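The structure comes first, then my notes.

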Amino acid sequence: MEKLVANHQELTAKVWRLLGEVSDPEVPVLSILDLGIVRGVKVTGDEIHVTITPTYSGCPAMNVIATEIRLRLLAEGFPNVVIHNQLSPAWTTDWMSQAGRTKLEAYGIAPPVDGTATGHVLNLFGKDTAVRCPICKSTHTHMVSQFGSTACKAHYQCDDCLEPFDYFKCHN
Amino acid sequence: MSATLPEPTAAAVPASAPRSLFPFVLQLADTSLILAHRLSEWCGHGPVLEQDLAMANIALDLLGEARSYYQYAAELEDQGRTEDDLAYLRSAVEYRNPLLVEQPNGDFAHTIVRQFLFDNFHYHLLRELKDGPDAQLAAIAEKSVKEAAYHLKWSSEWVIRLGDGTEESRKRLDKAIATLWRFGGELTTPTETEKGLQATGLVPDYATLLPAMQAHAEHVFAEATVPLPTAVFAQLGGKTGRHSEHLGYLLSELQYMQRTYPGLKW
């Protein structure tokens, strides 16, 4: 019995490790664990249940991510994978790992500044979030548009080095 | 509406899901889908690149939301129809979206006024639905309300820019308000079906949304220096299947592939 429990834990840990090797197709520098998309892993008999949550409702990466999870696990000999899509609790950038944030900035995308979600919608023309330029590290930047190259990012420009850059919006 | 892959996800539907919610969930789905389609028509035609991207982003959020509703509606109906069947194989008279969202894009001011009327209702409705008694509807709303907040901020700021902008922008905004305001009332006018569901508490009473919607509209229009229209006639029909001519043309494009090649998969 003890051995069975140990095997079970080992197996679960292995699945988590493999999921850490699946990257986000839109932001390949991040794994799906860095992003906080994987909400749970459960091994029952020979089935592996993986629960994922979308970042934004229309995120077109979700189907690709589900396929890549299947392929990664299949390659390690796990053909019976059940993927559950969970909407609640809704994804938040609070679930993004510290390692993920560091990787994101190194990749050229400013990581989310916590506690700066849209806030009250009556706060029209509110002050832009102070975001550090991922290239020259200046905080002298401005938002060009709340909507960027993907649903999860806003479009910013640095006023010092003048480079445009993506900012991974705080979402909670 | 991905016909691409065998659906990889299994929506978690509570066993006690109330089937009476089906027409309401379908109405929400149709509404988000039709507006998403209208916004997507701007793709590549926006007045500036950033706003072109903004409209594509909002369209994508609404499309994602529509998919969640269609998947849930298909489960509730339990007649073997899929989300794709519901979106692609129903005719205009079967669609239940309010008239507002099928109105053509017109110029940018028309698109903004249409969006503002919708967002102001949508955001406040989702805030109620996310705390509602139906778990799946609450989960979809909890997810979507965060996105709807971005949308409402965007359309509100554009009403202000256009209203308090140049003589030309103001003229266009006034014209758009004169054309579209009559379609706003349908959003908060319940149909017999909605009244029935409101009586059971499954759907929020729209009267409770009105004070917050009115307060927001007053704030935005004051900033825009535009008088807020009052006591406007409400043109009804879409939510009971009586649509304007525009919807047929929209659907003929949206449904073209499935109608021409039934069962087509990418």
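**Contact between the chains**

I looked up the contact first: 38 residues of chain B and 27 residues of chain A take part, counting two residues as in contact if their C-beta atoms, placed from the backbone, lie within 7 Å. The model is predicted: local features need pLDDT of at least 70, side-chain atom pairs count only at pLDDT 80 or more, and totals for chains, interfaces and linings use all residues. Residues are numbered from 1 along each chain as its sequence is written, while chains are lettered from A and ligands numbered from 1 in the order in which they are written.

Helices (H or I, at least four residues) and strands (E, at least two) are DSSP runs, numbered from the N terminus. The largest share of that side, 16 residues, comes from α6(B).

**Core**

I then turned to the largest nonpolar core, which has 109 residues. Such a core is a set of buried Ala, Val, Leu, Ile, Met, Phe, Trp, Tyr and Cys residues joined through C-beta atoms within 7 Å; buried requires 20 or more other C-beta atoms within 10 Å of the residue's own. α2(B) gives the most to this core, with 15 residues.

B:Tyr69 is among the members that touch the most others, as is A:Ile65. Leaving aside neighbours within four places in sequence, I list B:Val25, B:Leu28, B:Ala29, B:Ser32 and B:Ile140 as the contacts of B:Tyr69.

Technical notes: A residue is buried if 20 or more other C-beta atoms lie within 10 Å of its own, exposed if 12 or fewer, and partly exposed in between; C-beta atoms are placed from the backbone.
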